[in-house]
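I opened the notebook to look up a few things in this structure and to jot down what turned up. Here is what I went through, entry by entry.

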Amino acid sequence: MANTIFRHDKYGPWGPKDPDSRLDYGFDWTHWLASGEAISSSVWSAETSGITVTSAYKSGSKTLFWASGGTNGSTYWLKNWILTSQTRQAVRRLRLKVSNR
């Protein structure tokens, strides 16, 4: 499970990343899902080039991905699209701020 701590600012959630690290990140949709509803599909994608989503998966109400790459001093937007068992669709975005750590 993703162990990266997100911070929040006026643009939403963001997490730190070193350009040489390969870490897992994700969202917990528990409080958004209705009772008995499950995530049927989850797709993660990078909205800005320069960072790579190397793999993605879901675990219960959590959607997770592994990211690698990035350039020191750059910020990257990533998007998570889900489809639920009640055919609802939702999108959340986060940023990864890359810096040498």
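This is a predicted model: local features need pLDDT of at least 70, side-chain atom pairs count only at pLDDT 80 or more; totals for chains, interfaces and linings use all residues.

**Entry 1: salt bridges.** How many salt bridges does the structure hold? I found five.

I began with K97 and D9, whose side chains meet in a salt bridge at 3.9 Å, N to O. This pair links distant parts of the chain, with K97 in strand β8 (residues 89-98) and D9 in strand β1 (residues 7-9), 88 residues apart. I then checked accessibility: K97 comes out at 29%, which counts as partly exposed, and D9 is partly exposed too, at 32%.

Next I looked at D28 and K62, which form a salt bridge with their closest N and O atoms 3.6 Å apart. D28 sits in strand β3 (residues 22-28) and K62 in strand β6 (residues 62-69), so I noted another link between distant parts of the chain, here 34 residues apart. D28 is partly exposed at 37% relative accessibility, and K62 is partly exposed at 26%.

Then came E47 and R93, a salt bridge with the closest N and O atoms 2.9 Å apart. What does this pair tie together? E47 lies in the loop between β4 (39-46) and β5 (51-59) and R93 lies in strand β8, so the pair ties together parts that are 46 residues apart in sequence. I read 36% relative accessibility for E47, partly exposed, and 39% for R93, also partly exposed.

Entry 2: I traced an open sheet of five strands in the order β1-β2-β8-β7-β4, with mixed pairing. Why is one side of β1 and of β4 left without a neighbour in the sheet? Both stand at the edges, each with a single partner strand, so one side of each has no neighbour there. The twist from one strand to the next averages 30 degrees.

I followed one pairing further. Strand β7 (residues 75-84) and β8 run antiparallel, joined by nine bridges. L78 stands opposite L94 in β8.

**Entry 3: the core.** Which residues touch the most other members of the largest nonpolar core? Of its 16 residues, I listed W29, W44, F65, A67, L78, L94 and L96. At least two residues of this core come from each of β3, β4, β6, β7 and β8. The largest share, four residues, is supplied by β8.

Leaving out residues up to four places away in sequence, W29 touches I39, S61, T63, N80, I82, A90, V91 and R92.

**Entry 4: a loop residue.** Last, I turned to D20, found in the loop between β2 (12-17) and β3. Is D20 buried or exposed? D20 counts as exposed, because its relative accessibility is 73% and the cut-off for exposed is over 50%. I also took one distance: the C-alpha atoms of D20 and A46 are separated by 17 Å, with the two residues 26 apart along the chain.

Terms used:
Residues are numbered from 1 along each chain as its sequence is written. Side-chain values use heavy atoms; hydrogens and water are left out. A salt bridge is a side-chain nitrogen of Lys or Arg within 4 Å of a carboxyl oxygen of Asp or Glu. Buried means under 20% relative accessible area, exposed over 50%, partly exposed in between (1.4 Å probe, protein chains only). Two strands pair if DSSP finds at least two bridges between them. Axes are lines fitted to C-alpha atoms, for helices over the stretch in contact, and angles run from 0 to 180 degrees between N-to-C directions. A nonpolar core is a set of buried Ala, Val, Leu, Ile, Met, Phe, Trp, Tyr and Cys residues joined through side-chain atoms within 4.5 Å. Contact means heavy atoms within 4.5 Å.
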